[in-house]
Structures are given as C-alpha cells and as structure tokens.
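Here is a short briefing on contacts between side chains. Keep the sequence and the 3D view open as you read.

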Amino acid sequence: MRSIWNGAISFGLVSIPIKLVNATESRSVSFRQIHTEDGGRVRYKKVCELDGQEVAAAEIGKAYEEADGTMIPITDEDLAALPLPTAKTIEIVAFVAAGDIDPLQMEAAYYLSANGVPAAKPYTLLREALKRSDKVAVAKFALRGRERLGMLRVVDDVIAMHGLLWPDEIRAPEGVAPETPVTVRDAELDLADALMATLGEVDLDTLHDDYRTAVEEMIAAKAEGGEAVAPPTPGEEGGGQVIDLMAALENSVRAAKEARGEDAEVTELKPRTRAAKKTTPAKKTTAKKTPAKKTTARKAAETKAPAKKTSRKRPA
C-alpha cells in the first residue's frame, strides 16, 4: 500500500519513524455528469472572476477571505514557517480507556507502518505496551494543512490511527430528542429485548452493499442491451406511524424467527404475563367494597324492624 505521509511517532523521548497508509477505501459507484441531449461529458473549468480566463492548476494559490470580501493571500511558505511541532510528528499526549473516546469524534482510519529496520523495535514496544495496558493513545498530528487529533490502537499486529474531531467540533444534540413525553411500558421493553435476542449477533464480514450490487447489475444490463432494469414490485409502504407498537414488535419477533428457521410462536413472551399481574390488585380492591354494601343492608333492616313492632302494640 502506498504511504500518504512520512513522519515519526513521539513516545516520550522515543521517536519511531513511520509511514501513514489509508486503512479504508471507497467502493461506491461513481457517476459523471453529461449533457442529456447528446451525452457529452460536462466538465468544470476554474475561471478567474476578474479577467474571465481559465486558470491552470499551477497558477492557483490560497487566500483567506475576510468578512468584507478582502482576500489575504497565503503561501505554502507561510504555512511551513508556522511553529507547528506536529508537522512531521504524531505526538502522543495521553493514554486513556477506549470507552473515553466518543465515537462521534472518529473520522478516517490509517495504518501506521514502521519505516525502516531500526524502527521495528520501538514500534513493537509501543504496540505491545498498548496491548498490555488495554488502552488507546491520544495524539496530535498535522495532515493536509491543519493540526488534527488522533487515537492510536492495535489492530492485529499493526498500530492503527483514527483521526478524531476536536471536541468543539461536535454539536450538542439540542432539539433532536422527541419533545412529546412518552411512556414506555415494561411489556414493550420485554418485546424489544426479545426481538434483539432473536436477531442475535452477526458476522460483519457477511454484510455487503445491496444497493451498490443493484447499481452494478443495472449498469451491466444497460451496457449489454441498453435496456433499463424493471422497477421492483411495490410492496407494503414503510416508514409511517406505528399504530399498534406491541403488534409491530410481535410481528418483528415472529419474522426474525422465521428468517432464522426457528419456531415462529410468540405466545410465551413475558409482557402478557406481567400485564395480568398488574390487573390483579384492581380486582382485589373491588372485592373489598362488597362487605361494605352488605353492612349497609343489615343496618337498614335493623332500623325497620323496631318500627314494625311498635305499630303492633298500639291497638292493644
């Protein structure tokens, strides 16, 4: 693999010469823009706004635009003269637990390769130290004209580095959570747990990009005969509001079990048993009210009885 940056890891007073290699690659299908009338390629030209002339890449420089539109030219020599200690160094500043790094901060991933035979020993030392400590290294480095934050960890027998966003580049999730108060019942959580357990784990290596495959098949079909691929048969619309959440969860559990070749019965789930237990106290409360009605009837009977005896004695 071709290196994109050469420098060194600064590990205290230890310097480890390394090469930076991209750890990922894009597999998405790319398209070109064309003129729909004749199929001609549409290209972009870089034109100067002042004279209207097309500008070659060698004649294009950098500038900082101020609020009033004034352009301040910045040369490569200006940037190279900045006092940036991480210009050619990945400077380790701390070792932390991997859980302390917010996944929202993670960007591109790189492999760090030992550059030369003398670098093998200190490289291996850092790798084994990271393994034994079960921690990751937080580092600062400069790449593509700016200083960045990185996280070093061990992947197999290689030190990998993830570019990290600076903490102030992460937005707070304001106004994202549902504003309407929602109560989730234990029965619904139990069904969600059952669905999670039914789906189980997955080998990430078995997952693939179905959309990319469909695009490639469509391109191949059009290249052979120039015929478009027939649209898929419309199925049930999704993405709408779930009216019966419990039924949707039960159907999801049943479908997941059928997909895994398991028994699709969902009759022994805990939610229904719990719901029955919750209604029991209400029945007991109703039963307690019954004696009160009987007592009222008895008192009424006792009150009427003396009145009848008194009316019989008066004729005598």
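This is a predicted model: local features need pLDDT of at least 70, side-chain atom pairs count only at pLDDT 80 or more; totals for chains, interfaces and linings use all residues.

Residues are numbered from 1 along each chain as its sequence is written, and side-chain values use heavy atoms, with hydrogens and water left out.

**Salt bridges across the chain**

- Side chains of opposite charge can pair when their charged atoms come close.
- A salt bridge here is a side-chain nitrogen of Lys or Arg within 4 Å of a carboxyl oxygen of Asp or Glu.
- The whole structure holds eight salt bridges.
- One of them joins D76 and K62, with N and O 2.9 Å apart. D76 sits in helix α1 (residues 76-80) and K62 in strand β3 (residues 62-65), so this pair ties together parts 14 residues apart in sequence.
- Helices (H or I, at least four residues) and strands (E, at least two) are DSSP runs, numbered from the N terminus.
- K62 is partly exposed, at 47% relative accessibility. Buried means under 20% relative accessible area, exposed over 50%, and partly exposed in between (1.4 Å probe, protein chains only).
- K131 and D157 form another salt bridge, with their closest N and O atoms 3.3 Å apart. K131 lies in helix α2 (residues 120-133), while D157 lies in the loop between β8 (146-155) and β9 (158-164), 26 residues apart.
- K131 is partly exposed, at 37% relative accessibility.

**Helix α4**

- The 16 residues of α4 reach 23 Å from first C-alpha to last, close to the 22 Å expected at 1.5 Å a residue. The expected span is 1.5 Å times one less than the number of residues.
- R212 and E216 form a salt bridge, N to O 3.9 Å. Both lie in α4 (residues 210-225), four residues apart, about one turn of the helix.
- An α-helix has 3.6 residues a turn, so residues three or four places apart point the same way.
- R212 is partly exposed at 23% relative accessibility, and E216 is partly exposed at 41%.

**The aromatic pair**

- A search of the whole structure finds one aromatic pair. Rings of Phe, Tyr and Trp (its six-membered ring) pair if their centres lie within 6.5 Å; planes under 30 degrees apart count as stacked, over 60 as edge-to-face and the rest as tilted.
- The ring centres of F11 and F95 are 5.8 Å apart and their planes meet at 70 degrees, so the pair is edge-to-face.
- F11 is in strand β1 (residues 3-11) and F95 in strand β5 (residues 89-96), so the pair ties together parts 84 residues apart in sequence.
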